[in-house]
Structures are given as C-alpha cells and as structure tokens.
Amino acid sequence: MPTPRHPDAPPTALDPADPAFARDPYPYYARLREQGPAARVPLANGTHAWFVTGYEQTRAVLADPRFSNVPPRGAGRPKSDSPAQRARACLARHMLNTDAPDHTRLRRLTTAAFAPRRVDTLRARIEELTDGLLRDVAERLAREGSADLVDAFAFPLPVLVIGEVLGVPEADRAALRDWTYRVGSPADALRPGAVDEAWTSLYAYFGELIAHKRRAPGPDLFSALTHDATEGGLDDGELLAMAFLLLFAGYETTMNLLASASLLLLTHPAELAAARRDPGRWPAVVEETLRHASPLEGTTWRHATQDVDLGDGTRIPAGSSVLAVLAAANRDPRHFPEPDAFRPGRYAHDATGRGPRAAPHVAFGHGPHFCVGSRLARLEAAVALPRLFAAFPGLRLTADAAELPYRPGLLVRGPRSVPVAA
Ligand code: HEM
C-alpha cells in the first residue's frame, strides 16, 4: 500500500461553497502546501481528493499521461432522459474529457482553427464590441449613478467574442447571451425551469448553427473547424460538444479575468496610474492578474490510472481523484517571491528591454490540454482593459473590496460583482 505523506491533513472537510473560502481560498492553499506539494483533502460531500498545490508538481501532473482526463464511468455524467440533460450529456463528450489518442486528433483540428493569424484578425471586432459595451456603461452611469462592471462589461464581452468565434449572426447574439447567462447561474437564482430551457435552446441552436455552417461556411473560426477534413474532420456530435466547450471554456474564464483585473486596478491605484502612463505595461497587468487571481482556480479533474510518486515522498495511489490547483501553484513562494502581492512589474520588460523576471504562470494550464484560447483571452483583456480605464478616468469602486461575493466552487474564481461610479 502506498503511504500518503500527510494522511491526516487537513483536519476539517473542505466546503467549496463556503462564501469565505470562495472569496479568499489562498490561506487554505498555503497551509495545504506547507504539508507537501500534494495533499489528500476530505471534501464536504464525503469524498476525498488529492490537491496539488506546488508549482513544479502541478506542471508535472498536467504533463503526465498516468493522470487521465476521462471521467470514471458514470461519474458526473447526467442521464440523458430529458432535452436539457441530453444537452449536458453532449457537453460531457468534449475534448477536455478525453486522453490521447482521441484528444490528439481533436486538439490538432482545434489548434489549426485557432491559429494565431486567425485569432489576431478578431482585434478590430473586439475593439468595436468593447466600445459598444462602454457606451452602455456610460449610459447606465449617467442614468443610475453606478454600474456593475461584471454585468455590463466582463460578462457580455467574452460572450460576444465567442459569438464571433462561432460565427453567430448578429441578430442571435442577445439570445446567446441570455442562454449563457442562465446556464451559468445557480439553479435557485432564477425561476424554476429557466436553466433547463436555456440548455435545451442552446442545444437546438448549436445543432442548427452546425447545419448552416456545413451548407454555407463563413470567415469565422468555427466554420474552419466544420470544414477541416483532416483526419476525417469532426462529426456533428463532436462539433456540438466543441461549440459548448468553446462557449463555456471561453466566457466564464475571460469574464473572471476582466472582472479581477478591473478590481485589482481599482484597488491598486499606483499600478493603474503606471499602466495609464505607459501603455506597454498592459500585457504585464494581464499576466500578473492571471497569476494573482487565476480565473480557473483548479483544472478539470484528473484521476490516477496507477500509483504515481510525485517526489518528496508524496505518492498518489491509483484511482485517486486529483485536482491541480492552478491558483495555488501560481502563488508558490518557491517560484514567486511575495506571491500574495499584485505586482505587474514582475512580468514587465525592464528599461533595457530585458524580459520578465518571473516564472511563467500556469493560469492557462500546462501539457497536452494547455488552453486553446490563451491568445484570444490575452487579446480580449489587452484590448478591453485600457479602453475601460481610458473611457472613465474617475472610475472608482463603490463597495468594500474585501466584502465582494465570489463565485463558489473549485473550478472558476472571480468576483460576482464589481460596483463602480465614475
Ligand atoms: C482568461 C481566460 C482563460 C483561462 C484562464 C483559461 C484556462 C484554461 C485552462 C487552465 C485549461 C486547461 C484545463 C485542464 O487542463 O483541465 C483550458 C483549456 C481549454 N480552453 Fe481555456 N482559458 C481561458 C480562455 C479560453 C478561451 C477564450 C477559449 C476559446 C474560445 C478557451 C478554450 C479552451 C479549450 C477548448 C480548452 C481545452 C483544451 C484541451 O482539452 O486540449 N479558453 N483553458
């Protein structure tokens, strides 16, 4: 029997829905890391999982084929006996839930559709979409005296951009935004049935969209994916799962990046002033936000297909559920001095043009499942943030930053609202 290094740690079960943990999970992860780079954690639902909090070990786990992305049979897979559940089951077929060789084929096709030159052509549209939203924010501020940056800016922008990626016609964007909002909301926050209706609508809509792209491809990235016949191309089921994956992988993460960056800049006026003085600093602001406020707190679950020795006497037994906690790895003090400080300077070029001194963060993951949309996410943030702060020179937070509610759970992390006045 392999011996876990710290079998008793930590003593209390972790409840990811606890609002205090959601707001600031970092002290918990720091304590966990002190026990070793990976620790077995009891969860409030009665199960256990291995949390990997060390930077090097996170990278090692994410690159190691002994950790599988395929969910164990039956685990978390909804039964497909209603249209809404069928839609969710379809999402479960996406490539983040696959290993090589299936993953390799899906990945190759996606990477080709997301080639840098294709992504870069979206810049002008992202600028237009940002400016349109900022006009709405200005109207709201004039009318109501305050606005929520999550509602009016950080949520709609990534959804509109995914609309571009998927080639959703302009007239359908409002519906896409509404369905996305509903499926991303906690079930008890909306009227009964609203979330299921949204799943069903998205499923039907994506089905029609794919049929349309097959008949009449457009210049969008999704059309490229629909028509790439390499290795037999993607079948309709795979395309449907891909449409869902692009939507969900792309919107909530980027929303959290925009919301967290806005909040960090509003609470670090010297850093905001530095970026306003020197526009070349914005990419460093984006990188440091990704490190400091990792929008994906943990990766998707892996499970160990055999016993794995992570070094330092830490052995993860076969069959264990494993979570690579990106948020914790990005604050590993052995790689990031003063990890809890927000310091874009660590990712800036110095006066002599020398590159960043900090280690690369793992906010976009590592290894074969490294984020396909990283270039797009960086582009969105680098376009949208300077425009936001240029449009509203007197923007200020109207709530106590330490009191803002955060999204619960171990997967995504970001403030639920960032209330501002100008
Ligand atoms: C700040 C924004 C984003 C962050 C922090 C982020 C982060 C990540 C991470 C950590 C993974 C790996 C997950 C794992 O290994 O379990 C991932 C995978 C993925 N991301 Fe992103 N992502 C972002 C934006 C986007 C966007 C805009 C898109 C596309 C429109 C996208 C598409 C994907 C896809 C398709 C995968 C699966 C890749 C695979 O399985 O090979 N992401 N992302």
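Student: How far is an oxygen atom of the ligand from an N or O atom in the side chain of Thr300?

Tutor: The distance is 2.6 Å. Keep in mind that this is a predicted model. A polar contact is a pair of N or O atoms within 3.5 Å, so the Thr300 pair at 2.6 Å qualifies.

Student: How many residues surround the ligand, and which are the closest?

Tutor: The shell holds 30 residues. The closest are His103, Thr300, Arg302, His369 and Cys371.

Student: How do the residues of that shell divide into nonpolar, polar and charged?

Tutor: There are 19 nonpolar residues, nine polar ones and two charged ones.

Student: Which helices each supply at least two residues of the shell?

Tutor: Helix H5 (102–113), helix H13 (236–267) and helix H17 (374–391) do. H13 gives the most, with seven residues.

Student: Now the sheet. How do strands of a sheet pair?

Tutor: They pair through backbone hydrogen bonds, either parallel or antiparallel. Here an open sheet of five strands runs in the order E1-E2-E8-E5-E3. Its pairing is mixed.

Student: Which are the edge strands?

Tutor: Strand E1 (38–42) and strand E3 (67–68) are the edges, as each pairs on one side only.

Student: How many bridges join E2 to E8, and do they run parallel or antiparallel?

Tutor: Three bridges join strand E2 (residues 48–52) to strand E8 (residues 321–324), and the two run parallel. For a residue-level view, look at Val52, which stands opposite Ala324 in E8.

Student: Which strands does helix H2 touch?

Tutor: Helix H2 (residues 26–35) packs on the sheet and touches E1 and E2. The direction of H2 makes about 125° with that of E1.

Student: Let me try a single residue. Where is Asp151?

Tutor: Asp151 sits in helix H8 (residues 149–154).

Student: Why does Asp151 count as partly exposed?

Tutor: Partly exposed covers the range between under 20% for buried and over 50% for exposed. Asp151 counts as partly exposed because its relative accessibility is 36%.

Student: Which residues does Asp151 touch, not counting those up to four places away in sequence?

Tutor: On that count, Asp151 touches Arg140, Pro156 and Arg177.

Student: What separates the C-alpha atoms of Asp151 and Ala259?

Tutor: The separation is 9.7 Å. Along the chain, Asp151 and Ala259 are 108 residues apart.

Methods:
Residues are numbered from 1 along each chain as its sequence is written. This is a predicted model: local features need pLDDT of at least 70, side-chain atom pairs count only at pLDDT 80 or more; totals for chains, interfaces and linings use all residues. Side-chain values use heavy atoms; hydrogens and water are left out. A residue is near a molecule or strand if one of its heavy atoms lies within 4 Å of it. A polar contact is a pair of N or O atoms within 3.5 Å; within protein, one must be able to donate a hydrogen and the other to accept it, and residues adjacent in sequence count only if both atoms are side-chain atoms. Helices (H or I, at least four residues) and strands (E, at least two) are DSSP runs, numbered from the N terminus. Ala, Val, Leu, Ile, Met, Phe, Trp, Tyr, Cys and Pro count as nonpolar, Asp, Glu, Lys and Arg as charged, and the others, Gly among them, as polar. Two strands pair if DSSP finds at least two bridges between them. Contact means heavy atoms within 4.5 Å. Axes are lines fitted to C-alpha atoms, for helices over the stretch in contact, and angles run from 0 to 180 degrees between N-to-C directions. Buried means under 20% relative accessible area, exposed over 50%, partly exposed in between (1.4 Å probe, protein chains only).
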